[in-house]
Structures are given as C-alpha cells and as structure tokens.
Amino acid sequence: MARWLARDLDHETVLAKVVPHVIAVCPGCRESYEEVLRLQREYEHWDERVAVIEGLQAPLLFAELGEWPFEEQLAAVRDEERFQNWGFCQLLLKKSLEAVFEDPTRAIALAELAVRVAEFLVEEAYDPDWVLDLKARAWAYLGNGLRVLGELWSAESAFRRSEEHMEASMTGNPHIRAEVLDLKGSLRRAQRRLDEAEALAGEALALYRES
C-alpha cells in the first residue's frame, strides 16, 4: 500500500494485485474496467488510454464526416489532425467490411479513407510496426471492396501494397496476416486461380488458430 501511494509500484504489480482487488469490491470500477477491455478489443490497441479516448471519439468523427461529399472527406482527413488517429481508422475499416456486400462502392470509399488516415499516423504517437499492420489491413480491405465490385486488376494492386506493409512490419501478428491472406484468397477465387485460393485459405486458417 505504501509503495502504491508513493507511486513506486510497477505496472505489472498494479495489474496483478491492485486492479483485481478494486474491481472485486467496487461495481462501478468493475463496469469501467469491462468497458476499457471492450474498447481495447474493438479498436485493437494495447494502450488503454488510446483505446478509450480514440474509441469514444471515433463514432462522433464518423458521424461528422459522413455528412460530407467524398472529396471533402478526403480533404478533411488530409488537413485536420483530429481525423488522423488509430481509433477512427479502425472504425472506418469496420464500417467498410460491414458494407462490402450491400454497397461495395461505399465499402471502397471507407477503405480508401482508412488508407489515407493510416498514412498520417505518426511514429511519435503510435508504434511504427503496429501502424504498418494497420496499413496492411487498410489496403487489404480496399482490395476486398474492389474485388466485390469486379475491379480485379485494381484489387490485385491493393493486395500487393497490403503485403508490402505486412512484410515490413516486425510484429509477426498472426491475426493480421491471416486476415490479409483470407481476403486475398477470395480474390484468387474470383480470378479462378483455385489452387492458390485453397492454399491461402489453409494458411489463413492455421494463422487464425494460432492467434
């Protein structure tokens, strides 16, 4: 207790001993803790502050941007720093994936916005390898939308960009790799390259199990 009050308790000990005690005796703290974990899962960021602050801001930014024409959305992402954050990029990707079969044109627009946002994420604020993973996902989602729309040549180009970022990353994140390979497998099926599609699906499944 003395070390905690003196701010001399390391973070691992706080997580292992202090946090479980607090959430066990305080319903309000337990509810807040569960919300923090939910936002971390949804926005896939290791830092609790980033997950909470940007996770809560992202729906508001998305609602604001959604009222503008696409060219104005691109300009806002380029010119306004408040749109250049991890949480907003993740939400754009989620919305793109949700829209891909009902409205592939919208899915492509959302993924293109996510690509632009990811390009503005600075190393001082985010881990550069995690940013590379996010760029890989954004380009893969863009390629997936183009594939559904039948733009197979452009989709192929987008997946090449995705894999370039993925290979440059040092995280070795199996979930990111699995998702990219899974989506690329869908492109190979659309191209009637079925042997390659089957191989990619098998590799993606193994990586999903690993992650």
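A salt bridge here is a side-chain nitrogen of Lys or Arg within 4 Å of a carboxyl oxygen of Asp or Glu. By this rule the count comes to 19 salt bridges.

Before I go on, a word about the model. It is predicted, so local features need pLDDT of at least 70 and side-chain atom pairs count only at pLDDT 80 or more, while totals for chains, interfaces and linings use all residues. Residues are numbered from 1 along each chain as its sequence is written, and side-chain values use heavy atoms, with hydrogens and water left out.

Now the overall picture. The protein chain has eleven helices and zero strands. These elements are DSSP runs numbered from the N terminus: helices are H or I with at least four residues, strands are E with at least two. Along the sequence, the pattern reads α-α-α-α-α-α-α-α-α-α-α. The C-alpha trace spans about 65 × 40 × 30 Å along its principal axes.

How much of the chain is buried? Of its 211 residues, 42% count as buried. Buried means under 20% relative accessible area, exposed means over 50%, and partly exposed is in between, with a 1.4 Å probe and protein chains only. The accessible surface comes to about 12100 Å², and 54% of that belongs to carbon and sulfur atoms. Those areas come from the Shrake-Rupley method with a 1.4 Å probe; for residues, only the protein chains shown count as cover.

Contacts next. Contact means heavy atoms within 4.5 Å. Take the contacts in the chain with a separation of 6 or more: residues 24 or more positions apart account for 60% of them.

Ala114 sits in helix H7. Its relative accessible area is 0%, so Ala114 is buried. Leaving aside neighbours within four places in sequence, Ala114 is in contact with Cys89, Leu92, Leu93 and Ala138. Ala114 and Cys89 are 25 residues apart along the chain, yet their C-alpha atoms are separated by 5.0 Å.

Arg116 is partly exposed at 36% relative accessibility. Glu112 is partly exposed too, at 24%. Elsewhere, salt bridges that share partners join Glu35, Arg38, Glu42 and Lys94 into one network.

Glu35 and Arg38 both lie in helix H3 (residues 27-43), three residues apart, about one turn of the helix. Their salt bridge is 2.7 Å, N to O. Glu35 has 31% relative accessibility, so Glu35 counts as partly exposed. Arg38 is partly exposed as well, at 33%.

On to the aromatic rings. A pair of rings is described by the distance of the centres and the angle of the planes. Rings of Phe, Tyr and Trp (its six-membered ring) pair if their centres lie within 6.5 Å; planes under 30 degrees apart count as stacked, over 60 as edge-to-face, and the rest as tilted. How many aromatic pairs does a search of the whole structure find? Five.

Consider Trp86 and Trp130. Their ring centres are 6.0 Å apart and their planes stand at 45°, so the pair is tilted. Trp86 lies in helix H6 (residues 86-99) and Trp130 in helix H8 (residues 128-149), so the pair ties together parts that are 44 residues apart in sequence. Trp86 is buried, at 3% relative accessibility. Trp130 is partly exposed, at 28%.

Not counting residues up to four places away in sequence, Glu156 touches Leu187, Arg188, Gln191 and Arg193.

Last stop, the start of the chain. Met1 lies in the segment before helix H1 (2-5). Met1 is exposed, with a relative accessible area of 68%. That's my tour.
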